[in-house]
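Please look over the sequence and the model below before reading on. The text then walks through a few of its parts.

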Amino acid sequence: MLIGTVAAVAVLLAGCSTRSGDDPGTTRPTGPATQKASPSGTDFGTLKDVCGSGTPGTSTSQGVTDDRIQVGVMSDVGFTKKSEFEDTAKVFTSWCNDAGGINGRKLVPVTRDARFTEVRQRTLEACKEDFALVGGGSALDSLGVKDRLKCLLPNYPAQTSQIGAIGSDLQVITSGPAAGYFQYSGYYNWLLKKKYPDSAQKVGIIAGDSPVTKVMLAQFKEAVAGLGGKVSYTDLYPAAGVSDWTPYAQSIKESGVKGLVFLGDFASLAKLEQGLTNIGYAPDWTDANSNAYGPAFLQLAKPALGKQHNYAELFATAPLESAADNPAVQQVKDLFEKYAPDKQVTYPALRAFSAWLVFATAARDCATLTRACVYDNARKKTDWTAGGLQAPFDLSSDKPPACYSIVEAKEKGWQPAAFAPDRGDFRCDAPAYRYKGDYGKPVTLADVGKSMSDLT
């Protein structure tokens with residue numbers, strides 16, 4: 001649940017994480033990793049010469065000097081204690097700089113820690129200092145979009161969360177979501193029509209009681225119906241948490257729910273599934289969402305994993321478990337081992353790596369480094385795979401992706417689901433479902449009195 005509009009839910013509902021970590025500052029240079037290693041070449045996966053030395057051309061752009069490029073990395077690390085965007089920035093820039101940087105200029109990432117509620121403050125700081133925003137994201141990202149567009153600051157995020165940010169101008173995201181479209185249409189088409197057709201008319205949705213998730217509940221209800229299913233049960237649970245999930249489990253059982261959509265934090269889902277197991281009930285499937293994709297959910301849900309059937313869709317990103325057959329995923333793991341051996345490679349880290357790669361390759365091809373040149377180069381990429389980390393995606397289009405990847409939680413761990421991939425780790429037959437309801441619109445340059453002609 002960390003990518004797309006559902007990204008905000010994990011933060012809104014999970015509260016402060018108990019994961020240990022440093023007390024992060026509000027704004028600080030990310031800097032190179034403490035452990036240095038020899039350069040590992042300039043290629044990444046199928047991408048050639050991503051970084052390298054050279055003679056930098058002249059540039060008068062903010063954040064650019066003769067020997068460096070400063071970029072901001074948006075994050076909520078001060079609230080969540082999850083440093084995956086910061087970690088990925090360290091790993092990627094250390095590798096890239098060891099290889100020579102971007103035509104000889106070193107990448108200098110600066111963490112812009114929004115601490116959940118300070119998105120606008122961090123955006124305004126980035127507006128004064130950074131060349132672009134790269135490889136990050138914050139749950140309440142729409143709070144900073146107008147300021148970002150006023151200062152003409154491009155964004156290459158790992159994730160977008162809120163409606164105002166999804167599809168906003170001067171933004172290049174390397175694989176969905178697309179503004180106005182249901183972002184899981186391929187996944188749900190598989191669940192409702194191919195894998196579990198008997199569940200289609202008995203779908204239930206349970207969501208945290210917050211403004212963000214209430215909108216999401218309406219979107220999912222519409223999309224399920226639009227794809228031929230029916231939502232026969234909905235419920236909300238207190239955002240502050242639930243002491244006893246048994247009443248919710250009983251309601252799900254009594255309603256005969258066969259497919260369960262859970263819009264909330266994975267710790268709560270684990271407790272709900274324990275409640276379902278205790279009363280001897282299991283839906284045919286549960287959409288645990290990508291926020292649950294990792295070892296923490298497996299540990300919390302371990303007592304119920306043999307009974308409950310959890311799936312997640314990864315926005316057409318190759319699963320971490322595919323490393324043995326996917327050189328790009330293995331390369332990310334190797335680079336983390338080299339530059340940040342004490343940090344975990346996560347799904348958001350793979351997404352962030354794709355964002356860094358698109359920025360670096362677009363900047364590399366600019367004779368004169370300007371925001372307009374990098375943005376235009378990135379938007380020209382019509383078959384972007386991040387060297388093999390993801391399914392092909394057209395960055396020049398505002399259409400939703402056709403490909404998707406599905407993983408399943410088993411007692412022995414997460415693993416690719418049996419969803420009949422037809423292109424490597426992915427299946428590429430997703431129908432496009434455009435919302436009929438009005439859930440808001442992305443912010444545009446015109447909304448702040450600007451246009452693309454102002455970008456230099």
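What follows goes from strands to loops and then to helices.

This is a predicted model, in which local features need pLDDT of at least 70 and side-chain atom pairs count only at pLDDT 80 or more, while totals for chains, interfaces and linings use all residues. Residues are numbered from 1 along each chain as its sequence is written, and side-chain values use heavy atoms, with hydrogens and water left out.

Helices (H or I, at least four residues) and strands (E, at least two) are DSSP runs, numbered from the N terminus. Strand 3 covers residues 106–113, and six of its eight residues are buried, so the strand is largely enclosed by the rest of the structure. Buried means under 20% relative accessible area, exposed over 50%, and partly exposed in between (1.4 Å probe, protein chains only). Strand 2 (residues 68–75) runs parallel to strand 3, and eight bridges join them; two strands pair if DSSP finds at least two bridges between them. Asp-113 of strand 3 is the bridge partner of Ser-75.

Arg-115 sits in the loop between strand 3 and helix 4 (119–129). Most residues other than glycine have a negative phi. Arg-115 is not a glycine, yet its phi is positive, about 50°. Its relative accessibility is 26%, so Arg-115 counts as partly exposed. Leu-152, in the loop between helix 5 (145–150) and strand 5 (155–156), also has a positive phi, of about 55°. Leu-152 counts as buried because its relative accessibility is 12%.

Helix 7 (residues 211–226) has buried residues including Met-216, Leu-217 and Phe-220. Gly-228, with a positive phi near 100°, follows helix 7.

Notes:
The expected span of a helix is 1.5 Å times one less than its number of residues.
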